[in-house]
Amino acid sequence: MADEATRTAFFEIQGRMIEATSKLKQVLNQMRSKEGEKKRAFLTLEELCQLPEDTNTYPLLLTRFVLEPKSVLIGEQEPKLNDSEAALASLQVSNQYVEKWKAEVKNNLRELLQQDFLIQEIWDLK
């Protein structure tokens, strides 16, 4: 690096790049988790809808199966599905924001390195 200011700027941008990458991984993991929850709720609802209305079900409650009417289980799964969809929409917005932020930081790093390269070229010509 040409001087102390450039070096400091490089380390600052590098720290922001690491932070952006970490945040992006975190958001992607949360999205993957919510996708799984959404899929489980959807598949459960799909199977429940095929059963007759008077069917009793046995959902797992902690470590035991409990006898419940089909309507109760449907009532539990629908909010899970809706909540997962809402969370995914929110996470998608966060994902887009973090990706934009990471691209901006990457661009700043590229500009800093190009600037430093040009300074080095000027010094080499003298």
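I read the element order first: from the N terminus the chain runs α-β-β-β-β-α. That makes 2 helices and 4 strands. I took both kinds from DSSP runs numbered from the N terminus (helices H or I, at least four residues; strands E, at least two).

I noted the ground rules. The model is predicted: local features need pLDDT of at least 70, side-chain atom pairs count only at pLDDT 80 or more, and totals for chains, interfaces and linings use all residues. Residues are numbered from 1 along each chain as its sequence is written, and side-chain values use heavy atoms, with hydrogens and water left out.

**Confidence**

I looked up pLDDT, the predictor's confidence in each residue, from 0 to 100. The chain averages 88, and 90% of the residues score at least 70.

**Overall shape**

I checked the radius of gyration (over C-alpha atoms; the globule rule is 2.2 Å times the number of residues to the power 0.38). The chain has 26 Å, whereas a compact globule of 126 residues would have a value near 14 Å. The C-alpha trace spans about 90 × 25 × 15 Å along its principal axes.

I then turned to contacts (heavy atoms within 4.5 Å). Of those with a separation of 6 or more, 71% join residues 24 or more positions apart.

**Helix α1**

I sorted residues by relative accessible area (buried under 20%, exposed over 50%, partly exposed in between; 1.4 Å probe, protein chains only). Of the 126 residues in the chain, 22% count as buried. In α1 the buried residues include Ile13, Met17, Ala20, Leu24, Val27 and Met31. I kept the helix rule in mind: with 3.6 residues a turn, residues three or four places apart point the same way.

**Aromatic pair**

I searched the whole structure for ring pairs (Phe, Tyr and Trp, the last by its six-membered ring; centres within 6.5 Å; planes under 30 degrees apart stacked, over 60 edge-to-face, the rest tilted). The search finds 1 aromatic pair. The ring centres of Phe10 and Phe11 are 5.6 Å apart and their planes stand at 65°, so the pair is edge-to-face. Phe10 is buried at 18% relative accessible area. Phe11 is partly exposed at 47%.

**Salt bridges**

I counted salt bridges (a side-chain nitrogen of Lys or Arg within 4 Å of a carboxyl oxygen of Asp or Glu). The count is 2.

One joins Glu37 and Lys34, at 3.3 Å from N to O. The two are 3 residues apart in helix α1 (residues 4–49), so about one helical turn separates them. Glu37 is partly exposed at 32%, and Lys34 is partly exposed at 24%.

Lys70 and Glu53 also meet, at 3.4 Å from N to O. This pair links distant parts of the chain, 17 residues apart: Lys70 lies in helix α2 (residues 70–125), Glu53 in the loop between α1 and β1 (56–57). Glu53 is exposed at 66%.

**Last check**

I picked Glu85, found in helix α2. At 37% relative accessibility, Glu85 is partly exposed. Its C-alpha atom is 14 Å from that of Leu43, 42 residues away along the chain.
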